[in-house]
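Student: Could we go through this structure together? I would like to begin with a pocket and then turn to the fold as a whole.

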Amino acid sequence: MTAEWPLILFTVLTQLAAGLAVFLALRGRASRPGWLLVFAAGALGLIASMFHLGQPWRAASALGGLGTSWLSAEGLLFGVFVLLAAITWLRGGNGISGAGAALVGALGLAVQGMTYSPESMPFVAGGLPLFLFILSALTLGAVCLPLFEKGEAAQNFGGILRICLWMLLAVLAAAPLMGLEGSAVMRASALAWLHSAWYWAGILAIAATLALAHSDRMRCAQMALALVSVLCARVAFFADTVNTAAWIGLPY
């Protein structure tokens, strides 16, 4: 694959929005600023995705494959998600629309994991994107939530953040090691990841975020580093995963 920046921004921003929406809904207290961030991140993600299309002004046509295309389902779910987030924000950050947004966002993450698991890319076809995207969403949601909490409530989410970071680190570390035991294309992808500066930058950024999270210091730095780690890992995901077509001269 190539470093498709519109898709990188789309997946990272919608995952941040969905992860934060889940935590805000579970928290059960009104947070208008929190839902504003959910709406803004989700909307920016959808806008970014349009630049991946050959004709951005015809973005609505991407929904034409509903029932047969994971991509169409992804676009519809995140469109509904952003709409529900906007309604929740306008209503003061509470109401059943928030729970609906969290549910639709979670479904969107699951569909997103399927969208980017094509059989032509064996390294990611076995479910890696699903785990990676869900853990990225939970990590970004957990690291952003203290923006809207104070005192002990904010500290309680530090434990959730650490768990998410450790799980994300484990998945990123295990993926290329498991790929080395697979087919020729899987090994090529694994080696590309292990030789990627983006991959290692993501690993190091997660490690730095973990160090700050365990010491419960510099929350703004934790948020910045967590976002950097997910962005770097996402670039490696899109740029360093080998397509089977590469082995037959990329005829299309």
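Tutor: A definition comes first: helices are DSSP runs of H or I with at least four residues, numbered from the N terminus. Please also bear in mind that the model is predicted.

Student: Which helix gives the largest share of the lining of the second largest pocket?

Tutor: That is α7, which supplies five residues of the lining.

Student: Which helices each supply at least two residues there?

Tutor: They are α5 (122-125), α6 (128-144) and α7 (152-179).

Student: And which residues line the second largest pocket?

Tutor: The lining consists of Pro122, Phe123, Gly126, Gly127, Leu128, Phe131, Val171, Ala174, Ala175, Met178, Gly179 and Met186.

Student: How many of the lining residues are nonpolar, polar or charged?

Tutor: Nine are nonpolar and three are polar, while no charged residue takes part.

Student: What is the volume of this second largest pocket?

Tutor: The computed volume is about 200 Å³.

Student: Let us change topic to the fold. How many helices and strands does the protein chain have?

Tutor: The protein chain has ten helices and zero strands. The pattern along the sequence is accordingly α-α-α-α-α-α-α-α-α-α.

Student: What share of the residues is buried?

Tutor: In this chain of 252 residues, 47% count as buried. The accessible surface is about 11,600 Å², and carbon and sulfur atoms account for 72% of that area.

Student: How many residues are in the largest nonpolar core?

Tutor: This core has 62 residues, and Val38, Phe81, Leu172, Trp193 and Phe237 have the most contacts inside it. Helix α1 (residues 5-27) gives the most to this core, namely eleven residues.

Student: One more place, please. Where is Ser31?

Tutor: Ser31 is located in the loop between α1 and α2 (32-50).

Student: Is Ser31 buried or exposed?

Tutor: Ser31 counts as buried because its relative accessible area is 5%, and the cut-off for buried is under 20%.

Student: Which residues does Ser31 touch, leaving out those up to four places away in sequence?

Tutor: Ser31 touches Leu24, Gly92, Gly93 and Phe148.

Student: How far apart are Ser31 and Gly92?

Tutor: Ser31 and Gly92 are 61 residues apart in sequence, and their C-alpha atoms are 7.0 Å apart in space.

Terms used: Residues numbered from 1 in each chain as written. Predicted model: local features only at pLDDT ≥ 70, side-chain atom pairs only at ≥ 80, totals over all residues. Heavy atoms only, no water. 1 Å grid on protein atoms, 1.4 Å probe; cavity = no way out; pocket = protein on both sides within 12 Å on 5 of 7 lines; lining within 4 Å. Points joined across faces, edges and corners; volume = space filled by probe spheres on them. Nonpolar A, V, L, I, M, F, W, Y, C, P; charged D, E, K, R; others polar. Buried < 20%, exposed > 50% of the residue type's maximum accessible area, 1.4 Å probe, protein only. Areas by Shrake-Rupley, 256 points an atom, 1.4 Å probe, with all protein chains shown as cover. Core = buried A, V, L, I, M, F, W, Y, C linked by side-chain atoms within 4.5 Å. Contact = heavy atoms within 4.5 Å.
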